[in-house]
Amino acid sequence: MSASVDVDVQLRDVSMHYGSAPVLHGVDLEVCKGEFLSLLGPSGCGKTTTLNLIAGFLAPTRGTISLRGRVVNDVPPYRRNTGMVFQSYALFPHMNVFDNVAFGLKIRRLGSQEITRRVKEALSLVQLEGLDARPIRQLSGGQQQRVAIARALAIDPLVLLMDEPLSNLDAQLRRQMRVELRRLQRQVGITTIFVTHDQEEALTLSDRLVLMNGGRIEQVGTPVELYRKPRTPFVAQFLGHPNFLFGEVVDRRGTKMGVRTGQHTIWATCPDQLMVGAPVAVVLRAESAVLRPAPPPGSENAVPGTIDYTVYLGTSAEYEVRLADGSRLRVVEQIANGIPSYSDGEPVVVSWSSEDTIVLPGSRESMKGMGL
Amino acid sequence: MSRGWRQRLAVGGLLAPAVVLLVLFFVLPSVDLFRLSLAWMDPQRAIHPDVSLSNYRAFAVNPYFHRMVWGSLKLTVWVACLCLLLGYPATYYMVHARSTMYRTVLYAVVVSPLLISVIVRSYGWVVLLANNGVVNGTLVALGIVHQPIRMLGTFGSVVVATVHVLLPFMMLPIASALQGLDPALERAAQNLGATPLQTFWRVTLPLSMPGVVAGTSLVIALTLGIFITPLLVAGPLQPLFAIGIYYVTLSELNFPLGAALSFVLLVFTLAVIGLASRLLGLIHRRMV
């Protein structure tokens, strides 16, 4: 992508140090007009720093930040026209709902009729009509959240920046707000950058998501791309906690390759440049495999084992299967009638197709400290 | 026992020590003092436990006492305003200091005067401001003035020394108010387009007003009652309420009149604090 008119936010080779501690290394990022982009990653990965750099609360040590094609490195936060929703909402406690939403408009010295019109409009967007005069203290967490969004939208910003806005809500409300946030963003069509550490949130909300780790971008793509085709073991691990098996490439046949792990050879569709002998990590999602009492005919991968224990979840069951060589696989089975098909200690065969097998370069040693 | 009862008992238990202390050492002596203020001293210095308003009448008609009230009021306005103007920016800077270490040092500097006796601190000002003191010595040595300026004993010296003694009482409540603010609030204001100055006027200052009101009330109460500091830097002739009470009580030994003056001061102090709070409250509402 080049710097076309459709790019609202652009970061080019942006690095950031706090004192001598580096927190961001050469981040390149482009956010298109109307896009909902999530910055996802564990705490300390640099996602909030990135957001603060765009808002102007921090200055990059190196690199340029542009909003609508204009470099804003030297523009102070109050001239950037970004709309930020803070994790703590940061609503002004000495003002009521109306004055909070009107704050940015009063600063811009708009006429009082114009202010009233735009505040009403913003409040109706977040479905808080009629609460204008309510003091902030008398609002529930969910209502405060909506006021914070209305306040940010009222100034008609270039980009909406959200810093873990749902993390202070209870689980049920969070799910509800997630749906509403998406509807709202589509309706307004505003470019949105959303910071979260919650993979489910990122997967459900985003057009594209950026997975960050240790101050670098690991991978950028649509939720499906990142989930189906992770480029690094970190991405695979962070999205969905799949099974990892380690081994080396022993065979290549056309579009398929064989990987030797322990006593088994696992077949996968061939990724690019992996040569025979390369150390690899085999990623298998718990929901991609099925359990059978005997090897199903025509199955590409069928590994025998015994059920070690079962986590019963009502609509599904999660089995931990111990293979003959001692390694373990988690397999999730959807159960229609609420009765798990297998019990602990039962011998089973785990089988899956080569298409569902992801092979990535990497060894067990290189993935230490990733919580595997 | 019902829950309501247990709760009431707990509240009572928690309040009891403070209430007992306050009644024993403040309310009862105050009642006694008030009774004394209604007594009457004859020219032979014999005290008659009458019930008369003669002492209050004396206060009402004696111009010396009026000058004293006016002097104390003037001092209070000067000291409260200077403490606020000097204390607020310094406190803001202190609270916003980046490094924790540096912030701790600043706090220690602010609190440290409270660890030293007020007499020592006031004598410090005598040493500084005397005709042969440090300030005059420096001015003369630099050739800025030819003769020492008389500083000690002036109203200005009382203001300066009192501000110095009372500044921590303004800064600490403001610091606690500023510290309680979510730092995201200032960022939110700037994000919405407010310049740092607008952010200060519209968000930071209004939200720290409770600290300003608390600090100002403390400084007013302490200034109206201050006694040692003006006595040391300006002598016993300075027309101030507390010095007047000291003079009447310990030089003239007119305890009933001293008691009456103390009561007038108490009421006056409450009135000034009430007025100042109202004023700050009005300013606060205008800001919001």
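Visitor: How many bridges join strand β12 of chain A to β13(A), and do they run parallel or antiparallel?

Guide: Strands are DSSP runs of E with at least two residues, and helices are runs of H or I with at least four, numbered from the N terminus. Two strands pair if DSSP finds at least two bridges between them. Here β12 (residues 256-261) and β13(A) are joined by 6 bridges and run antiparallel. Within that pair, R260(A) has T265(A) as its bridge partner.

A word on the source: this is a predicted model, where local features need pLDDT of at least 70, side-chain atom pairs count only at pLDDT 80 or more, and totals for chains, interfaces and linings use all residues. Residues are numbered from 1 along each chain as its sequence is written, while chains are lettered from A and ligands numbered from 1 in the order in which they are written.

Visitor: Which strands stand at the edges of that sheet?

Guide: The open sheet has 5 strands in the order β13-β12-β11-β14-β20 (chain A), paired antiparallel. β13 (264-269) and β20 (357-361) of chain A each have a single partner strand, so one side of each lacks a neighbour in the sheet.

Visitor: What is the order of the other open sheet in chain A?

Guide: That one goes β15-β19-β16-β17-β18, 5 strands with antiparallel pairing. β17 (residues 316-323) pairs with β18(A) over 7 bridges, and A317(A) sits opposite E333(A).

Visitor: How many residues of chain B are in contact with chain A?

Guide: Contact means C-beta atoms, placed from the backbone, within 7 Å. By that rule, 16 residues of chain B touch 18 of chain A. Helix α8(B) gives the most to chain B's side, with 6 residues.

Notes: Two residues are in contact if their C-beta atoms, placed from the backbone, lie within 7 Å.
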